[in-house]
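Subject: Structure for your files

Dear colleague,

Here is the structure I said I would pass on. My notes on it follow below.

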Amino acid sequence: MKYCKKCGVLYATDVCPKCGIQEPEEGEAPVADQKTVTRQWIGLLIGIPLFIMAIYLVIYLLYSH
């Protein structure tokens with residue numbers, strides 16, 4: 001079933017029965033630049049361990065007092 005974002009109706013046809021808007025066809029996602037992808041992966045590889053360490057630090061500070 002499809003969901004019309006304009007009027008909030010669920011429908012099974014190609015066109016929304018309430019407002020008559022046709023859902024755009026889903027195309028392929030645009031390909032990202034390799035430099036951007038590499039930078040995002042590096043951010044994830046550094047950011048996730050830092051976030052986990054920050055959680056451990058907060059827990060340590062809460063229980064050390």
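Predicted model: local features only at pLDDT ≥ 70, side-chain atom pairs only at ≥ 80, totals over all residues.

Searching the whole structure for disulfides, taken as pairs of cysteine sulfur atoms within 2.5 Å, gives zero. C7 is in no disulfide, and the nearest cysteine sulfur to that of C7 belongs to C4, 3.5 Å away. C16 is likewise in no disulfide; the nearest cysteine sulfur there is that of C7, at 3.5 Å. For reference, a disulfide is a covalent bond between the sulfur atoms of two cysteines.

Residues are numbered from 1 along each chain as its sequence is written, and side-chain values use heavy atoms, with hydrogens and water left out.

Secondary structure

The protein chain holds one helix and two strands, in the order β-β-α along the sequence. Both kinds of element are DSSP runs numbered from the N terminus: helices are H or I with at least four residues, strands are E with at least two. Strand β1 covers residues 2-3, β2 covers 10-11 and α1 covers 34-63.

Salt bridge

Which side chains meet in a salt bridge? They are those of D14 and K2, at 3.6 Å from N to O. The search of the whole structure finds one such bridge, the criterion being a side-chain nitrogen of Lys or Arg within 4 Å of a carboxyl oxygen of Asp or Glu. The pair links distant parts of the chain, with D14 in the loop between β2 and α1 and K2 in strand β1, twelve residues apart. D14 counts as exposed at 52% relative accessibility, and K2 is partly exposed at 28%.

The loop between β2 and α1

V15 also lies in this loop and counts as partly exposed, at 35% relative accessibility. V15 and K2 are 13 residues apart in sequence and 9.5 Å apart in space, C-alpha to C-alpha. G20 is in the loop between β2 and α1 too, and is partly exposed at 47%. From G20 to C4 the separation is 16 residues in sequence and 9.7 Å in space, C-alpha to C-alpha.

Overall shape and surface

The radius of gyration of the protein chain is 23 Å, whereas a compact globule of 65 residues would have one near 11 Å. That radius is taken over C-alpha atoms, and the globule rule is 2.2 Å times the number of residues to the power 0.38. The C-alpha trace spans about 60 × 35 × 15 Å along its principal axes. Of the 65 residues, 5% count as buried. The chain exposes about 6,300 Å², with carbon and sulfur atoms supplying 65% of that area; accessible areas come from the Shrake-Rupley method with a 1.4 Å probe, and for residues only the protein chains shown count as cover.

Regards

Notes
Buried < 20%, exposed > 50% of the residue type's maximum accessible area, 1.4 Å probe, protein only.
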